[in-house]
Amino acid sequence: MIEISDVGKRFVLHNQGGVVLPVMAGASLHVGRGECVALTGASGAGKSTLMRMIWGNYRCDEGSIRVAGLELCGAQARDVLALRRGTLGYVSQFLRVIPRVPALQIVAEPLLAQGIEEDAALMRARDLLARLNIPQRLWSISPTTFSGGEQQRVNIARGFIQDWPVMLLDEPTASLDAANRAVVLDLILEAKARGAAILGIFHDTGARDAVCDREVDMGAFLPGRAAA
Amino acid sequence: MTPLLQVEGVSKHYGAHLGCGDVTFTLWPGEVMGIVGESGSGKSTLLNCMAGHLAPDAGRVVFDTRMHGPRDTVTMTEAERRWLARTDWAFVHQNPRDGLRMNVSAGGNVGERLMAVGARHYGDIRAQAQDWLGRVEIDAGRMDERPRAFSGGMQQRLQIARNLVTGPRLVFMDEPTGGLDVSVQARLLDLLRGLVRKLGLSAVIVTHDLAVVRLLADRVMVMKDGRVVEQGLTDQVLDDPQHAYTQLLVSSVLQV
Ligand SMILES: Nc1ncnc2c1ncn2[C@@H]1O[C@H](COP(=O)(O)OP(=O)(O)OP(=O)(O)O)[C@@H](O)[C@H]1O
Ligand SMILES: Nc1ncnc2c1ncn2[C@@H]1O[C@H](COP(=O)(O)OP(=O)(O)OP(=O)(O)O)[C@@H](O)[C@H]1O
Ligand SMILES: [Mg+2]
Ligand SMILES: [Mg+2]
């Protein structure tokens, strides 16, 4: 479901003397249905960068990234939006809070964007918030004032509200206590069981071992390494 | 699917001075496009060319009309353009005074748009006006007051109700949150965001505020000196800007 071959990435900082920062070269991997693959490597190895390229958040300048058949390198904005609506889910490392929008609504949004009935979407959102132990008194307020762990759980609820065929998870268990961590690992295992292809970043090796089938070391795709 | 709006090679000069030059893009149904850039970069010029307020010197603006399919609005008659402006299009001005009739009641401001497209039944018009005032969070008890008595944020919400009551398919907005306090802006943005999603509207929003495009726009176009320097998915353009000017724009604001 995710097919990546020979992907390269560099940043050009035009306003800092045009410095060119090559950060990735020759990155290749694949993730099949029902499989969970972990991206590993030291800080700065490019784990989040690759994930952002798959999400379409960073531009892919070199190589090929295919998700459920769509080539993301050079894709039209419209096709990426459609992929995000129906196929590709992403749990980012931090929740982007929107003032005035209540937690319940933030969680339900991916379903509403797909045109699912509001009642059904909100019911599923309540189930997930409850499962992730977010106290009911917080559901109707904006997560602006939530703790880091609470925000992260809202983010996870949002990420798991839809049965995405392909999922990207950036540190889904960071800043969670043991009980909530276990809930998240269960959600991941359930998604795998229904056939989702998952690519994740887990600093927590216990979590990684519990849910991942394989590891891909991003350190192998650092630009110097590939040339040598 | 047919694009809702296709802008092809649109240019507008003011004498020798370039307003906007050779702008091309396609807007699909349900998409929200943001236009950002510094003051004087040609954002309003471009928007006004698209909305039929200004005649471009060159280029086509093809809109998928309800009745006759894709038509070039630049070459259609003035009467046809005016009809589109009352039905399929809406235009939200930065200054609510430019989009409202200040000596007509709030209810009248909304009802008037309905009457312009042929509504005649007083009770229906009043009921629809009331429904729309509710949707933009204006208390029904204030329906008979004139907008003069309203705060800037309320006037702006009234302008939005007046514009959306006829069920337009494309909304043009020029700095819709421009003159408002930050907290009032947040409320308005939240309202716009909800309406755009619930009604499946397409919109083109001009703003110099990157937080506004981050929140509302699927795609964004960056203008400088009348030219489009970069366009694409909103989060990609903001998080991985390619052009020097976009990088400057993004780095000169605190995290958006
Ligand atoms: N928008 C950007 N502009 C410039 N450089 C960037 C940008 N995003 C990432 N980088 C650089 O790309 C490299 C890889 O960063 P990335 O965030 O992908 O690392 P990571 O493997 O996720 O690290 P960590 O484990 O610390 O999260 C780093 O050198 C980083 O500074
Ligand atoms: N009627 C006019 N006559 C002459 N020049 C004009 C006219 N309207 C705009 N201009 C010029 O065209 C350029 C683009 O103006 P425009 O209003 O489109 O900018 P803008 O991007 O909307 O700026 P702002 O963010 O300040 O509203 C500017 O240099 C402006 O001075
Ligand atoms: Mg990272
Ligand atoms: Mg302007």
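**Close-up 1. Helix α1 of chain B at ligand 2.** Helix α1 (residues 43-50) of chain B gives three residues to the shell around ligand 2, the largest contribution. Helices here are DSSP runs of H or I with at least four residues, strands are runs of E with at least two, and both are numbered from the N terminus. The model is predicted: local features need pLDDT of at least 70, side-chain atom pairs count only at pLDDT 80 or more, and totals for chains, interfaces and linings use all residues. Residues are numbered from 1 along each chain as its sequence is written, chains are lettered from A and ligands numbered from 1 in the order in which they are written, and side-chain values use heavy atoms, with hydrogens and water left out.

Close-up 2. The residues around ligand 2 include B:Tyr14, B:His17, B:Glu38 and B:Lys43. A residue is near a molecule or strand if one of its heavy atoms lies within 4 Å of it. By class, this shell has one nonpolar, seven polar and two charged residues. Ala, Val, Leu, Ile, Met, Phe, Trp, Tyr, Cys and Pro count as nonpolar; Asp, Glu, Lys and Arg count as charged; the others, Gly among them, count as polar. An N or O atom in the side chain of B:His17 sits 2.9 Å from an oxygen atom of ligand 2. A backbone N or O atom of B:Gly42 also lies 2.9 Å from an oxygen atom of the ligand. For the side chain of B:Lys43, the distance from an N or O atom to a ligand 2 oxygen is 2.8 Å. The protein buries 57% of the 630 Å² that ligand 2 exposes when taken alone. Accessible areas come from the Shrake-Rupley method with a 1.4 Å probe; for residues, only the protein chains shown count as cover.

**Close-up 3. Ligand 1 between two chains.** Ligand 1 lies between chains A and B. It is surrounded by 13 residues, and the closest are A:Ser43, A:Lys47, A:Ser48, A:Thr49 and A:Tyr58. Five of the shell residues are nonpolar, six polar and two charged. Helix α1 (residues 47-55) of chain A supplies the largest share, three residues. An N or O atom in the side chain of A:Thr49 is 2.6 Å from an oxygen atom of ligand 1. A polar side-chain atom of A:Lys47 lies 2.8 Å from a ligand oxygen. A polar backbone atom of A:Ala45 is 3.3 Å from an oxygen atom of ligand 1. On its own, ligand 1 has 640 Å² of accessible area, and the protein covers 66% of that.

**Close-up 4. The interface of chains A and B.** Here 27 residues of chain A are in contact with 26 residues of chain B, where contact means heavy atoms within 4.5 Å. About 2200 Å² is buried between the two chains, and carbon and sulfur atoms give 46% of that. Buried area is the accessible area (1.4 Å probe) that two parts lose on being put together, summed over both. Across the interface, 11 residue pairs are in polar contact, with both residues at pLDDT 80 or more. A polar contact is a pair of N or O atoms within 3.5 Å; within protein, one must be able to donate a hydrogen and the other to accept it, and residues adjacent in sequence count only if both atoms are side-chain atoms. On the side of chain A that touches chain B, β1 (2-13), α1, α2 (77-86) and α3 (103-113) each supply at least two residues. The largest share, five residues, comes from α2(A). By class, this side has 12 nonpolar, five polar and 10 charged residues.

**Close-up 5. Salt bridges between the chains.** Two salt bridges cross the interface of chain A and chain B. A salt bridge is a side-chain nitrogen of Lys or Arg within 4 Å of a carboxyl oxygen of Asp or Glu. A:Arg84 pairs with B:Asp235 (2.9 Å, N to O). B:Asp240 pairs with A:Lys9 (2.6 Å, N to O). B:Asp240 lies in the loop between α9 (234-239) and α10 (244-251) of chain B and A:Lys9 in strand β1 of chain A, so this pair joins two chains.
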